[in-house]
Amino acid sequence: MLSLRNIKKSYVTGDYTQVALNEVNLSFRKGEFVAILGPSGSGKTTCLNIIGGLDKYDSGDLIINGKSTKEFKDSDWDAYRNNSIGFIFQSYNLIGHLNILDNVEMGMTLSGVSASEKHNKAKEVLEIVGLKEHMHKKPNQLSGGQMQRVAIARALANDPDIILADEPTGALDTKTSVQIMEIIKDIAKDKLVIMVTHNPELAEEYADRIIEFRDGSVISDSKPINELDKSDNYEIKKTSMSFFTALKLSAMNIRTKKWRTFLTAFASSIGIIGIALILSLSNGFDKQIDIFESDTLSGFPIMISQQAAEVDMNEMMEHSKEMRKEMLGKEEEDNTKYPEDKFIYPYNSKENTFIHNNKITQEYLDYIEKIDSNSLSGVSYTRLVNMNLLKTDGSVATPINSSDLRLSSYPISLESDKAGYLESSYDVLAGSYPETMNDLVLVVDEYNNVDTEILKVLGIDSSKEEISFDDIIGYEIKAIQNDDYYKKVGSFYTLAGNPKYMSELYNSEKAISLKIKGILRLKEDVKIPVLSEGIAYSDELSKFFIDNAKNSEVVKDQEAADYNVFTGEGFTSETQGRSSENTKENILASIGGTEIPYMITLYPKDFESKEAVVSYLDKWNEDKSKEDVILYNDMAKTFATLSGSIMDAITMVLIAFAAISLVVSLIMVGIITYISVLERTKEIGVLRSLGARKKDITRVFNAETFIVGSCSGILGIIIAYLLTFPTNAILYKVTDLEGVAVLNPVHAIILIIISVLLTMLGGSIPAKMASKKDPVEALRTE
Ligand code: ADP
Ligand code: MG
C-alpha cells in the first residue's frame, strides 16, 4: 500500500551536503508492524517524515496506494497527513495550552468533523489508551507515559491507515515502554505501523518486520516485498481550519498568558484611548458650539446695509486667483510679492474694490416689515439723521455732536410690546425700560463703565470717580427741528446763531425733550451686545424727526440743489456708498431728508427662525437683476464657520498625534506576535503534522492578533469612556461647560474595528512567517 522508490534526500548546510537517504527502496503492507532500527543519524527520522509527507524527498517517488506523489501539491500533502497518517513522536508534542480532549480532537477539527462526532471518537480512542478519565486535564498534568498515550490517541483519532512512530518509547522507562508497545501492537492489527526504535529487543518482541538503516540506506529487511501493488481507489478529503477553530486555539493559548495579553492590549489601546477622547471632546465641543450657536449666535444679527459688500481685490488675491479673475473679468498679470526691483507701481484702489450698493427702497422696507414676527425678536434701523441735539449746563445750551454720543437706536420688537427686545437682553440698573419715543437709555458695560467722552458730550461732570445713578436718570437733552436749527444766509445754510439763541431754542416750546429713562446693562448670560455703550433712543423718535424734517426748508433746498447747501461744495461723483462721503444722499440723510434707513439690522429669535429669515430675504432677490439684489451680512455664519473649522483643525492635529501612538502599538503587536510565533513554533509543527495547511497556521496567528486587537480596542473604548467623566469634571471647573466630552457610539465601534484591523496588520507579517515554517524543523525546536 505504500512504496518508496529510489528516494533520495540530502540536507545542505553551508558548503556541506549531508545525504540523509540514499536511494531507498521500500514497500509496506497493510496491517504490518514494521520496526526501523539503525544508529543515530542513519536517516530513520528522515525516512519517516518523508513517508508521512512532513518532509519532501529530493528525487525518487513515494507511491501511496499505487498513486505517485510526484505531482502532489501542498494541499494534497496536508490532506494526506490529515487523513492517512497518524504521527507519534518521542517527545509527545502535545499542544500545552489545550486539554487532552482538545489535543486528541485537533486532527478531526482540521478535517471539519462535527463536534459531537469528534467528541465520541475522541472518547473512544482515549478509552483505548486508558485515559478517558483524564480528558479534561492539561498535558503538563500527566506523566510521560500518559502523554505518549494521548499522542497515540491523537494519532488514532482520525482513523488513519498509517501510524508513524518515531522512537515513541525513547523517553520512557522500561515498564511504561512495554505498556506503550502493547497499545501500539494492538493498533497495528488493522493499520500499517512504522516505528523507529533504538531498542532491538522491543523490535524483536513486537514487530512483524525489522528494517535496518545505516548511512541513509537500508541494509537489511526481514520481510521484503518485491511485487508492485495494484492501484487502489485513492481519495483523500481536504482539510481546512475554520476561523472559529483558529480563534479557539488562540484563545486557549492566550489564556495561558493572560497578563502579557492584557498588558499588550492595554499598551496598544493607548492610541485608541487618545483618539476616542479627542473625538469625544471635539464631538462635545461641536455640540457645545451648536448650543452656543442657537443660544447666542442667533443673537448675532443679519445686517442689510446700503453699502453691502466691499471686496478688496488685493486681499482676495491672497485667497484665490480664480475668484479675482472672475471678479475682474480678465486675466491678471502676475504680480510678484516682495519684489526686488527698485520701482514703485501705481495702483488704483477703486478699480480694485468692488462694492455692491444695496438699493433699499420703501418697497423693500415694507417687505422687511412683513417678516414673520415670530421669527424676529427685534429689528433696528440705523439712520444717518442728525437730530440737532442740544444740551445745557444750566445757563448756556450747546450743540451735541451725535457721533460722539455713540447714539444708536435700540431694536424694536415687531410685536406690540415696544421694549420686548431690550427686556430680554438688558437688565435695568436704574429707572426703567423706555416707554415713550422720547425716552433715552444709557447703556453701560459689564463693569458699569461709561466712556468719559460720552459723559463729557452730555455735559456730565466726569472728573468724579463714581457717578450716582440719580445724576443720570432724568438727565435731559433736546432735539431741535431743522427750521429752528438752521438759518439760511444767502443761498447757504448755517447753524442758527449764538449760544444765547441756542439757549433760547433749548428752552422754547418747539424743542423736543429727551430724557434718560433708564440705565441698562447687558444680561450676564447674553453674550452678544446689540447696543454699544452710550445713549440709545427709539426709532420712533428718528422717524418723528424725519417726518418733520421732510418739509423743512433746508431739506427742500438741498433736494433741489446739486451742491452741498452748507458748504457750497460739489458732490463726490464717484461714490462708493460710504456714509461719510460727500454725496447728496448722505447730506440729505443727515438732515432727515430720507426715510430710507442706512442699515437694517434683524435679530432672529433662534437658529431655525434665522434660517427662515434668511430664506425670506433670499426670496426677494430671486427675480432681481444683478444690480438690484439686496445682499445681507450674516454675522453668525461667518463666526460659526470660523469656529467650526478651527475646531476641525485642532481635532485633526490631535488625532494625528494619537495616530502616532497607534502606529507604535501596531509595531508592538507585530513584535509580540513574532514572539508568540517563536514560542508556538512547536505547535505549528504539530498542527502541520496533523494536516493543517499553511493558511491555517496564518489563521491561528491572525486569530491571536484579532483577539489582542479586539481586547485593546474594547479596553481602549472602556478606558476612554471612563476618562470622559474626570475630563468633564475638569472642563466644568475650568470652562463652566457641562458634559463636553461625549463618546459617540459610532466612533467607538469604528475605533474598535480600526484597532482590530491595525493589530492584525501588525501581526500579519509574523503570521505569514509562521506559516512558512518548515514543519520538520518546527517539530525539532524545543
Ligand atoms: P536518525 O533519525 O536516524 O537519527 P535523521 O534522519 O534525523 O537520523 O538524520 C539523518 C542525517 O541527516 C543526519 O546526519 C542528520 O544530521 C541529517 N539531518 C537531518 N535533518 C537535517 C536538517 N534539517 N539539516 C541538516 N541535516 C539534517
Ligand atoms: Mg531520529
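Among contacts in the chain (heavy atoms within 4.5 Å) between residues at least 6 apart in sequence, 80% join residues at least 24 apart. The structure is a predicted model, in which local features need pLDDT of at least 70 and side-chain atom pairs count only at pLDDT 80 or more, while totals for chains, interfaces and linings use all residues. Residues are numbered from 1 along each chain as its sequence is written, and side-chain values use heavy atoms, with hydrogens and water left out.

The chain holds 26 helices and 26 strands, defined as DSSP runs numbered from the N terminus (helices H or I, at least four residues; strands E, at least two). Of its 782 residues, 49% are buried; buried denotes under 20% relative accessible area, exposed over 50%, and partly exposed the range in between, with a 1.4 Å probe and protein chains only. The accessible surface amounts to about 38,800 Å², and carbon and sulfur atoms contribute 54% of this area, as computed by the Shrake-Rupley method with a 1.4 Å probe.

Helix α18 spans residues 539-549, and its buried residues are Asp 539, Leu 541, Ser 542, Phe 545, Ile 546 and Ala 549. Viewed down the axis of α18, these residues fall within an arc of 155 degrees, so they line one face of the helix; the arc is taken from the directions from the helix axis to the C-beta atoms. The elements against which they pack include β14 (376-382), α16 (482-485), β23 (512-522) and α19 (553-560). Strand β23 contains Leu 522, which is partly exposed at a relative accessible area of 21%. The C-alpha atoms of Leu 522 and Asp 445 are 7.1 Å apart, although 77 residues separate the two in sequence.

Across the whole structure, 14 aromatic pairs are found. Rings of Phe, Tyr and Trp (its six-membered ring) pair if their centres lie within 6.5 Å, and planes under 30 degrees apart count as stacked, over 60 as edge-to-face and the rest as tilted. The ring centres of Phe 243 and Phe 706 are 5.9 Å apart with planes at 80 degrees, so this pair is edge-to-face. The pair links distant parts of the chain, with Phe 243 in helix α8 and Phe 706 in helix α24, 463 residues apart. Tyr 485 and Tyr 486 also form an edge-to-face pair, at 5.2 Å centre to centre and 80 degrees between the planes. Tyr 485 is buried, with a relative accessible area of 5%, and Tyr 486 is buried at 11%.

How values were computed
Chains lettered and ligands numbered in written order.
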